[in-house]
Amino acid sequence: MHAYPQPALALVAEMEAAAKAQPPRAVAFQGAPGCNGHRAALEYDADCLPLPCFSFEDALDAVKEGRADRAIIPIENSQHGRVADIHFLLPESGLSIVGEHFTPISHALMALPGAKGPFSAAYSHPQALGQSRHYLRARGIVPMAYADTAGAAALVREQGDAEACAIAPRLAAELYGLDIVEDRVEDAADNTTRFVVLAREPLDPFELEGVQAMTTFIFEVKNIAAALYKALGGFATNGVNMTKLESYQIGASFAATTFYADIEGAPGDPRIDSALGELAFHCKYVRPLGTYRQARKRG
């Protein structure tokens, strides 16, 4: 699927050709060249061939169809919460989480060469706009949502409007010939995004032997009183640290709540096996999404 602004198309075609020639090295990401997903792919694997995809679904399809070996998807930001609806996308894709990566996020305000403002509108991904909302509000700049940060930079270049700007990584300004008007416009200095790495097959448990691991899964508790309390009790009694628990609805009944969870540890550890066994007893189903090396110590 191609819906990129014109200035990005040549770069996209070049990166697609490189990935097509060597799919085992390709890592799919969502967005135009120069976005934070592009950065994260190279940080995670400096030897990879980043493959731009217009949507998260496109990035997952690239892996499912063998056009890329892995995909790297942002799932949460320290300032603005959930990024991608991985809860819906990953179970449908059939892919497994095989890694995680944390990327410090810094945004730059960029515009056409010579444009200094004032600017009437700033284009960017909703996450980047949310992470810079105080900066934009203080200057009376209207936030305008776009599919990704670097694509927004390419759009500003394509439109040629001196009153428009983009909020994107510095790399996007270099790629699309824009001037950086102001650097580090994010509202928080510790702004960080967590990415997960997805592949067609889960990791071999032997690859995780002796390392601190994370396990991600979804589950639906039985529709009875205190089911969630009972289901989670096994993690406390077995001393298992649950670092993330989110609820979301599937369907329109609003009676079946599904939960997404991250825990420290891997199946095969008696504590983990016992906790997951107790969880399953109180659930309609428990579905593992992946066990992988922990990139950052929690707590």
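**Close-up 1. Strand 9 and its cover.** Strand 9 (residues 164-168) is mostly covered in this predicted model, since five of its five residues are buried, where buried means under 20% relative accessible area, exposed over 50% and partly exposed in between, with a 1.4 Å probe and protein chains only. Strands here are DSSP runs of E with at least two residues, helices are runs of H or I with at least four residues, and both are numbered from the N terminus. In a regular strand the side chains alternate between the two faces of the sheet. In strand 9, A164, A166 and A168 point one way while C165 and I167 point the other way, and all are buried.

The model is predicted, and its local features need pLDDT of at least 70, side-chain atom pairs count only at pLDDT 80 or more, and totals for chains, interfaces and linings use all residues. Residues are numbered from 1 along each chain as its sequence is written, and side-chain values use heavy atoms, with hydrogens and water left out.

**Close-up 2. The partners of strand 9.** Two strands pair if DSSP finds at least two bridges between them. Strand 6 (residues 108-111) runs antiparallel to strand 9 and is joined to it by three bridges, with A108 standing opposite A168. Strand 7 runs parallel to strand 9, again joined by three bridges, and here A121 stands opposite A164, while Y123 stands opposite A166.

**Close-up 3. Strand 7 between its covered faces.** Both faces of strand 7 (residues 121-124) are covered, with A121 and Y123 buried on one side and A122 and S124 buried on the other. Strand 7 also pairs with strand 8 (residues 142-145) in the parallel sense, over four bridges, and the bridge partner of S124 in strand 8 is A145.

**Close-up 4. The loop residue P23.** P23 lies in the loop between helix 1 (6-21) and strand 1 (26-30), and P23 counts as partly exposed because its relative accessibility is 25%. Although P23 and R67 are 44 residues apart in sequence, they are 5.4 Å apart in space, C-alpha to C-alpha. Leaving aside its neighbours within four places in sequence, P23 is in contact with G66, R67, A68 and D69, contact meaning heavy atoms within 4.5 Å.
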